[in-house]
Amino acid sequence: MSAETTEANCSKTRNPFTGVEADAVSVRVDGLSKKFGDLAVLRNISFDVKPGEIFVIMGPSGSGKSVLLRHIAGLEAPTSGTVAVDGLDPTLEETRDRVRLALVFQEGALFNSLSVYDNLALYPREHRSGNEMAISERVMHALKILSVEKSANQFPSELSGGMKKRVSIARALVMEPQLLLYDEPTSELDPVMGATISEIIATLKNEYSVTSIVVTHDRDLALTISNRVGILMAGKLISLGTPGELRKSQEPRIVDFLNPKIDIEHPRFKQLETPENP
Amino acid sequence: MKQINAVLEGAGSMVMLLLRAGSYAGSLPRQWARFVEQCYLIGYTTLPIVTILSFFIGTVLALEAGYSMEGFGAKEFIGSLVGLSMARELGPMMTSVLLAGRVGSAITAELASMKVYHEVDALTTMNIPPAKILVLPRLAAVLVMMPVLIVFANIVGWFGGSVVARYVSSVGISSESYFAALRHYTKFKDVMNGMAKAEVFGFVVVLVCCNIGLNTRGGPREIGAAVTRAVVTSLILILILDYFVTKLLM
Amino acid sequence: MNSTQQTARVGLFFLLGIALVWVTFETLSDGKIFEPRSHTLIAGFDDLRQLKTGDEVRLAGVRVGSVQKTRLAGRHAEAVLEIDPKVPIAGDATATIAMSGLIGGNYVAIDMGTPGAPALADGAEIKTLTTPDLNTLMSDIGGLGKQLQESLGTFSAAINGDPKTGGGIIQKLEKILADNTARLNATMTNLQEITDKINRGDGTLGKLVNDPKLHDELLATVDEIKATATQAKEFVANAQSVMDQVKSGQGALGTLVYDPKAAADIKASIADLRSVSDKLAKGEGTLGKLINDDGLYDSAQVTIKKVDRTLDGLNDSGPITAVGIVANALF
């Protein structure tokens, strides 16, 4: 898995289950701004994600990463600017009919009223892909990849946070997406499972040419598997480049963000001290 | 101004939701299991409270009628009063109010929590429209279950009236003359009239509750607020619609 | 709970609901959907009054249908009656609009007609009879009192006469008595002689007097006079009870019905009537005395016949019957 590859080497998305090929999709964000009331969350963001690329968005909490992802998923409409998935507006139902798009939510967003199995089976059932046997095969395969096949008959409320995250990724896999969006895929996971997720993302890209956009603050994940990394701070895209370019960057905010140092003498630690008598 | 805007927005999103749900009507046979589940929740589990309430509405009607009609010696008309008011007005109205309180609040709570915990967003990205699998089965179920609930409410209410008419000494007319008056003045047309009303009320209650649930924004705290808003809006709409539907059906 | 059980419960609940809807329908509409289209009859009236669609049609008091609609047909109103096709309505049956109670509205009453009459066909016109309604009756009561007083006045004038001219029957009878005392005495003497002869059992006159046919005739005349007096008394009693009934009405309707003027009128008439009958009762002795005076007997007979006719006339007069009906219907 070469971190230096900037060009996607494959322009067809292959379905991991059926092997059917489809065009890999691109994402274009152009001048995107979003305001919630008077609060500007995203300010004039532009970037392109090429077909089959892994694009990582990093940034501190509250920088607007998740909102950006929701725009790409078509769950939010921009205040100004455009978002295009395969050249289409993702908020429209027709786009979702043409482009299979999956979003792995930070909290999992599993359907609480359905069992783990039914959570995964919902999509293929609703879209009538195959009979119940084929669906069962697909669901169990996806659960096995994430090592949660034993929880198939449990309900989401019975699962731990990490388990939920894995089921949620499995649910996204069952959809056989052309564009996979991850919101903090490795948070709440132990390092081993985190590595598994990284592997899955990379495999999907290399083997099946699935376009992936990952929102994370996992530095390792960002620097090892991504083709390009964008750094978002206070709603602005302050840097965009390959992991190699990023490492070489001298921009203090990026250096600070990528290499956090614990400096006991830093003024920010002082505020935790109990005020002594003057 | 802000309030007016909110009302218009609510009405608009409700119509949009209805149209969207309606556009998936063809998918209903494939959603049979969901439809049956909603029928169970809306019809079957609501029946006990509907029967209890209707029984006592019937008894109170008969008691009040007995008290007020005694003055001009028209106690024989208690049956017709209970029969007509139950079939035309109180049956449909009180059942819809119960529906709003019992089923509507549950619908809003469920959909609001699905919205707050991003389940609705997940459905959207999976290209499964919430209007199709969350709203349509409920609307269909309420249309099928409402007449059944109403006929139970009517019959239990009439029976409640007859019990008072017969056994309360201050009223004291025989069951025969009670039911004779009821049958004479209550036509099947009146029962149908009440059912038509109940269909409208029930449909609007479910639609309003779905809409408010799906439009919830913010954290878990908003779920409670959404439920309150949904029930209050439903009750107000029932009473306002009552006037217009009654006028329309006359 | 598994979903099969849930489906079964919903199914049961739904079927039960449908069954109850059907039961309600059957109970309230008598299952009209499957009945053949019922028979209609047309009843024309001058005035339909409160009759409206949905009111009952009763044959001899039993509900057999309802008023389907009411409409105008030229110069009169028509009610289209929907009749149970299983119940034949006689061709000469008469339909009237009747009141089912004071606030219960109207219904169409049909009588049985004659037994052998052919049944009316679907859509045929039924004979109708207009009966006075409550409002008309109320306004008639005042006029009725006046009418009654007039007829009773004529009657008493015939007996008492005008005091100025002194031409009354009783006065005339007294005058005849006073004028002919001497002759009567002579006649009585003669009569004494004749009766003596009769007692002795000789002469043709004795046979004549004892003739059973003549005797019977005399008895019959006396009976007729007695019957007339009883009839008059009965009438008075009837009138009194009608008035008592009307007067005793206390509620809103009592006040509506009770017209003090009419009541006073009727009372005065009754007093007149009673004095007449009293006089008649006393006059019996005088008439007995005058049994041998043929002329006088004849003229008395004629007068009595006149009285009889007057009474008959009074009995037959419609309004009184109507008052009776109203009074009985109301109280």
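**View 1. The end of α6(A): A:Ser209 follows the helix with a positive phi, near 60 degrees.** Helices (H or I, at least four residues) and strands (E, at least two) are DSSP runs, numbered from the N terminus. The model is predicted: local features need pLDDT of at least 70, side-chain atom pairs count only at pLDDT 80 or more, and totals for chains, interfaces and linings use all residues. Residues are numbered from 1 along each chain as its sequence is written, while chains are lettered from A and ligands numbered from 1 in the order in which they are written.

View 2. Buried here are A:Ile197, A:Ser198, A:Ile200, A:Ile201, A:Leu204, A:Lys205 and A:Tyr208. These residues cover an arc of only 155 degrees around the axis, so they lie on the same side of α6(A). The arc is taken from the directions from the helix axis to the C-beta atoms. A:Pro191, A:Val192 and A:Glu207 are exposed on the other side. A residue is buried if 20 or more other C-beta atoms lie within 10 Å of its own, exposed if 12 or fewer, and partly exposed in between; C-beta atoms are placed from the backbone.

**View 3. Helix α3 (residues 47-69) of chain B and its cover.** The helix has 23 residues and reaches 32 Å from its first C-alpha to its last, close to the 33 Å expected. Its buried residues include B:Val50, B:Ile57, B:Leu61 and B:Ala65. Gly58 and Gly66 of chain B are also among them. The cover includes α4 (78-116) and α6 (130-167) of chain B.

**View 4. Helix α1 (residues 2-23) of chain B against α6(B).** The axes come within 9 Å and cross at roughly 90 degrees. The two helices are therefore roughly perpendicular (65 to 115 degrees). Axes are lines fitted to C-alpha atoms, for helices over the stretch in contact, and angles run from 0 to 180 degrees between N-to-C directions. From α1(B), B:Leu17, B:Arg20 and B:Ala21 meet B:Ala131, B:Val135, B:Leu136 and B:Leu139 of α6(B). Residues are in contact if their C-beta atoms, placed from the backbone, lie within 7 Å.

**View 5. Where chain B meets chain A: 10 residues from chain B and 15 from chain A.** The chain B side has 4 nonpolar, 4 polar and 2 charged residues.​ Ala, Val, Leu, Ile, Met, Phe, Trp, Tyr, Cys and Pro count as nonpolar, Asp, Glu, Lys and Arg as charged, and the others, Gly among them, as polar.

Terms used
Two residues are in contact if their C-beta atoms, placed from the backbone, lie within 7 Å. The expected span of a helix is 1.5 Å times one less than its number of residues. Angles under 35 degrees count as roughly parallel, over 145 as roughly antiparallel, 65 to 115 as roughly perpendicular and the rest as oblique.
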